[in-house]
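Here is a short report on one protein model and its ligand. Please keep the structure in view while reading.

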Amino acid sequence: MDDTAANLHAVLDDIALAAREAGRAPGDIGLVAVSKTHDAAWIRPVLQAGQRLFGENRVQEAAGKWPGLREEFPDIRLHLIGPLQTNKVRQALELFDVIETVDRPKLAREIAKEGQKAGRAPDCFIQVNTGAEPQKAGVMPEDADVFIEICRKDLELPVKGLMCIPPIEEEPSLHFALLREIAHRNGLTELSMGMSSDYQVAIAFGATLVRVGTAIFGARQLYTKER
Ligand SMILES: *Cc1c(COP(=O)(O)O)cnc(C)c1O
């Protein structure tokens, strides 16, 4: 798989098809092209094909390639989709337009604080651990309402919606439905859910952002975890 521009168009076609099957407008679903582990030279053809919305899961890695790409393509929008440590919040705010992984009060407070200093709070998504997996990031579903309230009312963060990563071995639709329910009862309209293996299902369940890596960029190099 080395024709990433063709892959991009195939994914966009699939998104449009899934949207129409769900009775939705294709334009209501944004594609976050997940470029983690791939270098700038591998990403550039996808930019040249018109894609502007990208996701990365590590601050350090994003710092190495996106400032240069932004000079070439100033209208890029970059989402952080991986866990964020509080000591990297300042750097994350310089690099990312949207933080999709806000999942605990300490992190939310730090984003609010640094956002105030910078005069620009990033758009935020609350990550929900819909499968209540001990090793996974995200606020537990039963704590989500209170946490969302803290972020919006106390910290005045621009919370746009919710994000989840379902357990690998489970039927994702149950998790997508749960995320949608939590968003709905909190008056949130954006849902970031669905990856290469299940974005069509996520669209049927109301995803407004799908995060697709492998289906566009091909297989990733394995790398050791940062933390
Ligand atoms: C890597 C990653 C994706 C993309 O996964 P693919 O299966 O390659 O599409 C989506 N969301 C998150 C949070 C990721 O870390």
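## Parallel strands

Strand 5 and strand 6 pair in the parallel sense over 4 bridges. Strands here are DSSP runs (E, at least two residues) and helices are runs of H or I with at least four, numbered from the N terminus. Two strands count as paired if DSSP finds at least two bridges between them. F125 has G161 as its bridge partner in strand 6. Strand 5 also pairs with strand 4 (residues 98-102), again in the parallel sense, over 3 bridges. There, V98 stands opposite D123 of strand 5.

Strand 5 (residues 123-127) is largely enclosed by the rest of the structure, because 4 of its 5 residues are buried. Buried means under 20% relative accessible area, exposed means over 50%, and partly exposed lies in between (1.4 Å probe, protein chains only). Strand 6 (residues 159-163) is mostly covered, with 4 of its 5 residues buried.

## Basis of the model

This is a predicted model: local features need pLDDT of at least 70, side-chain atom pairs count only at pLDDT 80 or more, and totals for chains, interfaces and linings use all residues. Residues are numbered from 1 along each chain as its sequence is written, and side-chain values use heavy atoms, with hydrogens and water left out.

## Ligand site

Which residues are around the ligand? They are V34, K36, I81, M163, I165, M195, S196, R211, V212, G213, T214 and R220. The shell divides into 6 nonpolar, 3 polar and 3 charged residues. In this scheme Ala, Val, Leu, Ile, Met, Phe, Trp, Tyr, Cys and Pro count as nonpolar, Asp, Glu, Lys and Arg as charged, and the others, Gly among them, as polar.

For the side chain of R220, the distance from a ligand oxygen to an N or O atom is 2.7 Å. G213 uses its backbone: a polar atom there is 2.8 Å from a ligand oxygen. Taken alone, the ligand exposes 390 Å², and the protein buries 89% of that. These areas come from the Shrake-Rupley method with a 1.4 Å probe.

## Cysteines

How many disulfides does a search of the whole structure find? The count is 0. A disulfide is a pair of cysteine sulfur atoms within 2.5 Å. C124 is in no disulfide; the nearest cysteine sulfur, that of C151, is 7.1 Å away. C151 is in no disulfide either, and its nearest cysteine sulfur is that of C124. C124 counts as buried, at 0% relative accessibility. C151 is buried too, with a relative accessible area of 0%.

## Loops with positive phi

Most residues other than glycine have a negative phi. T37 has a phi near 75°, a positive value in a residue other than glycine. T37 lies in the loop between strand 1 (30-34) and helix 2 (40-48).

A132 is not a glycine, yet its phi is positive, at about 45°. A132 sits in the loop between strand 5 and helix 6 (144-154). At 43% relative accessibility, A132 counts as partly exposed.

## Helix 7

R185 lies in helix 7 (residues 172-185). R185 counts as partly exposed, at 45% relative accessibility. R185 and D39 are 146 residues apart in sequence and 40 Å apart in space, C-alpha to C-alpha.

Technical notes: Near = heavy atom within 4 Å. Polar contact = N/O pair within 3.5 Å; in protein donor to acceptor, adjacent residues only side chain to side chain.
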